[in-house]
Amino acid sequence: MLDNILFYAVFISQILLISFYFPKKLVTRTRYVLDNYPPDVYPKLYPKPIATYKKGLRNFMLLNHLILVLGFILLALHAWLSAGAPADAKVAEGLPIFFGLCQFIPFFLMEISGFKQFKLMRAANLSRKRKAELSRRRLFDYASPVLVFATMLIYLAYIMAECFLGEFKGSADVLVQLAASILCNLLLGGIIFWNLFGKKLDPYQSPRDRDRQIGFAIKSMFYISIALSLYLLALKLMTVFELAYLEILLNSLYFQLIGAFSIITTLRILDVKDINFDVYKKEADAG
């Protein structure tokens with residue numbers, strides 16, 4: 001009973017944090033830009049009419065509100081299923097993961113919209129002036145060796161726990177989980193590589209802002225890898241010590257941690273007040 005009450009409190013936190021609080025913060029941040037950097041002064045920032053961006057914000061919040069309602073419906077469904085289940089039984093332990101993936105859909109759509117925005121900005125960039133950035137980027141310029149090696153050691157600790165704690169026996173579930181963790185880390189590594197050597201998305205972005213953004217993205221990938229390794233390690237320890245009924249609680253906390261890290265650090269590190277918006281002014285005013 002106590003476990004269920006604890007889960008309900010944590011899951012309600014997941015619902016409100018990711019589907020209400022964080023979206024509201026992002027919308028406030030975007031509206032600040034729209035209000036303080038209007039298209040008549042900063043035309044390069046707006047390849048589409050400003051009404052399009054305002055409509056996008058409304059749709060973003062509407063989708064988050066619908067997902068928020070879905071979360072409380074799923075919570076009521078879980079309470080109903082748990083009522084007749086044994087105290088130590090696992091009931092819909094994948095619920096926080098399934099719902100967490102649903103919660104990230106609006107943010108994923110926002111990212112896609114951002115890529116389209118940059119594509120339109122590049123198409124509209126008719127300036128013949130091109131500034132080449134000759135400095136070569138290196139991984140340790142953006143992430144300390146301590147962070148890189150700590151990420152590797154924590155992942156190695158998870159691999160060793162998976163192989164030597166409990167009965168490994170090459171089970172299909174363990175092999176699939178190991179393969180999935182490798183693929184996730186390869187994906188994170190690919191994002192790091194793309195940030196280091198990929199082309200510039202925003203044609204007007206100042207070198208300083210781009211450098212800060214690259215550093216933020218690269219550090220984020222290492223922290224996400226660490227969080228994933230610790231999450232998988234905790235799942236393994238729960239299995240070994242027969243605490244599997246707490247898995248649903250861990251799943252919810254994990255999604256909240258990822259959401260909090262991704263969005264709060266974006267708001268704090270990439271503060272719009274620190275961005276150089278002069279590059280988006282009219283040519284005569286940009287100097």
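A residue is classed as exposed when its relative accessible area is over 50% and as buried when that area is under 20%, with partly exposed residues in between. In this predicted model, R208 reaches 52% relative accessibility and therefore counts as exposed. Its salt-bridge partner D209, with N and O atoms 3.7 Å apart, is by contrast buried, at 5% relative accessibility. D209 also forms a salt bridge with R212, at an N-to-O distance of 3.6 Å. R212 and D209 lie about one helical turn from each other, because three residues separate them in helix α7. R212 is partly exposed at 22% relative accessibility. Through shared partners, the salt bridges unite R208, D209 and R212 in one network.

Across the whole structure, four salt bridges were found. Among them is the pair E162 and K236, whose closest N and O atoms are 3.5 Å apart. This pair connects distant parts of the chain, since E162 belongs to helix α5 (residues 145–164) and K236 to helix α7, 74 residues apart. E162 is buried at 3% relative accessibility, and K236 is likewise buried, with a relative accessible area of 9%.

A positive surface patch comprises R31, K54, K55 and R58. Helix α2 (residues 50–83) makes the greatest contribution to the patch, supplying three residues.

In the loop between α7 (207–240) and α8 (247–269) lies E242, a non-glycine residue with a positive phi near 55 degrees. Most residues other than glycine have a negative phi. E242 is exposed, at 68% relative accessibility.

How values were computed. Residues numbered from 1 in each chain as written. Predicted model: local features only at pLDDT ≥ 70, side-chain atom pairs only at ≥ 80, totals over all residues. Heavy atoms only, no water. Helix = DSSP H or I, 4+ residues; strand = E, 2+ residues; numbered from the N terminus. Buried < 20%, exposed > 50% of the residue type's maximum accessible area, 1.4 Å probe, protein only. Patch = residues over 30% accessible without salt bridge, like charges linked within 9 Å, V, L, I, M, F, W, Y side chains within 5 Å. Areas by Shrake-Rupley, 256 points an atom, 1.4 Å probe, with all protein chains shown as cover. Salt bridge = Lys/Arg side-chain N within 4 Å of Asp/Glu carboxyl O. Lys, Arg positive; Asp, Glu negative; His and termini not counted. Charge placed at Lys NZ, Arg CZ, Asp CG, Glu CD.
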